[in-house]
Amino acid sequence: MSDMKASVLATKNGFHVEGYEKISYDFTFLDGVFDPKNPQLAACYERWGRVLAVTDLNVYNVYGEQIERYFQHYNLEVKVHKTKIGEKAKTIPTFLSIVDSMTEFGIIRKEPVLVVGGGLVTDVAGFACAAYRRNTNFIRVPTTVIGLIDASVSIKVAVNYGNYKNRLGAYHAPIHTFLDFTFLRTLPTAQIRNGFAELIKISTCSHLDTFNLLDKYCEELIETGFGRTDRASEEVRAAADKINKEGIHEMLKLETPNLHEIGLDRVIAYGHTWSPMHELVPETPLRHGHAISIDMAYSATLANSRKLISDAEHRRILSLFSRAGLSMDHHLFDEHILDKGTAAILKTRDGKLRAAVPNPIGSCTFLNDVDASELNAALRRHKQLMKEYPRNGEGLEAYVDASDTGYTENNASEVEAIETAAEEAGALNGDVAIHGGSMPKGHTNGNVNGYSNGVTDKVANGVTEGLSNGVNGFTNGSRA
């Protein structure tokens, strides 16, 4: 919910407007959110006597009957919009299908849509709510580790467009988020591992105690769904609860002062400097957790090369990734990809690299004064180190599959038509070729000739021949 305060002052030639919007929303830890014994969620819908729920088909196949029985128990009419949302289906057609359901349902102003699923589901459905009448409320019930730990914290909502990830979106907070970790009982191990990366991210750069717990209980946490399966010990369950609560709390403390990302030096961007390239370059996309793990592991090697973390800390970080089965390298990760990723992120981060790295474990610093030779030397060293680890540092179950819903969904002709329009729009806006990967002439950020704070043309030399945001011929998670 929001509370707007504003002032309008007359000036010599017009008016000056200042507005301040209060953003407030709640999180509730509640195991068994759809257990009839727990009325908290139903109470949010008593006023309307009905519920429009948006969920993905995988979640519905497991929990659909339980969700419907829950609301029937409280005499609430429920309509469920079922979709498949993976990176390939995180598109305008999926967004419009949700909007159509909202229209058919007749959503009333202030009536909250219920969104149940992983981070991709909450992204697209949240954007539909942001766009519908410019501001429709929604309530989140995340069901994956990434959804619970990472996506639930942010108020960012978006869809992919053309060759760009999250190019169309908004900042739109839910009115409430219910965090139910019992969903992890039925989540595939590959998805548990995928989300584990997000906890490594926040703990490595901001919370040493959580890193220590992840290091101590790594294998047990993954094998027992963060202590939620029947075979989990009380010790592991207690550790998992502490990790989850402190991890989410730390993320909220870091994000809340910067909900609209006005500040671009973001601790939680550790692992997100080069990862968009890792995520989309393989013919079958890497899972998000594996993509950011490659970025984090390489960034740790870069930090160690600069003596920001000790050799022991460096090895400790790499060992944790390896034990978790997360990727630390990929055979397509080379200097060419590194250059393209650097060029792409410079645009996103207003001309500066802003690479978050540990300094030491549990704290963070941002690198801007890195040139191509240093980045490439760190990559060569990283590749050598990876020879000491299983699979040369490549992860287990690293690629998207049927558990990443929506990978093969959406009407092909409809998607193609919209993406063609996206490509044409990109050409009209001059985004097709950013020659040399440098910022456009006249870019003002205190940098010389469009280069960013020590990142020279040797680094940013690669967004050409129609490359958009570091993606060469890839559309929403797959090769076009």
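I began with helix α3 (residues 92–105), which lies across β4 (50–56), β5 and β6 (113–117) and runs at about 165° to β5. For this angle the axes are lines fitted to C-alpha atoms, for helices over the stretch in contact, and angles run from 0 to 180 degrees between N-to-C directions. Contact, here and below, is heavy atoms within 4.5 Å. Helices (H or I, at least four residues) and strands (E, at least two) are DSSP runs, numbered from the N terminus.

I noted the basis of the entries: this is a predicted model, in which local features need pLDDT of at least 70 and side-chain atom pairs count only at pLDDT 80 or more, while totals for chains, interfaces and linings use all residues. Residues are numbered from 1 along each chain as its sequence is written, and side-chain values use heavy atoms, with hydrogens and water left out.

**The whole chain**

I looked up the totals next and found 14 helices and 14 strands in the protein chain. Of its 480 residues, 55% count as buried, a word that stands for under 20% relative accessible area, with exposed over 50% and partly exposed in between (1.4 Å probe, protein chains only). Among the contacts in the chain with a separation of 6 or more, 79% come from residues 24 or more positions apart.

**The sheet**

I then followed the open sheet, whose six strands come in the order β3-β10-β7-β6-β4-β5 with parallel pairing. Two strands pair if DSSP finds at least two bridges between them. At the edges stand β3 (26–29) and β5 (77–83), each with a single partner strand, so one side of each has no neighbour in the sheet. On average, neighbouring strands here are turned by 20° against each other, direction ignored.

I checked the pairings in turn. Four bridges join β3 to the parallel strand β10 (residues 176–179), and Asp26 stands opposite His176 of β10. His176 is also the bridge partner of Ile139, and β7 and β10 pair in parallel over two bridges. On to β6, which pairs with β7 in the parallel sense over five bridges; Val115 has Arg140 in β7 as its bridge partner.

**Strand β7**

Is β7 buried or exposed? I found that five of the five residues of β7 (residues 138–142) are buried, so the strand is largely enclosed by the rest of the structure.

**The cores**

I turned to the nonpolar cores, each a set of buried Ala, Val, Leu, Ile, Met, Phe, Trp, Tyr and Cys residues joined through side-chain atoms within 4.5 Å. In the largest, which has 71 residues, Phe196, Leu221 and Phe226 touch the most other members. Helix α10 (residues 288–305) gives the most to this core, with eight residues. Apart from neighbours within four places in sequence, Phe226 is in contact with Val145, Leu184, Ile192, Phe196, Leu199, Leu221, Ala240 and Asn244. A second, separate core has 23 residues, including Ile92, Ile98, Val99 and Val121.

**Tyr60**

Last, I looked up Tyr60, which lies in helix α2 (residues 57–73). Which residues does Tyr60 contact, leaving aside its neighbours within four places in sequence? They are Thr55, Glu68, Val80 and Lys82. The C-alpha atoms of Tyr60 and Lys82 are separated by 7.2 Å, although the two residues are 22 apart along the chain.
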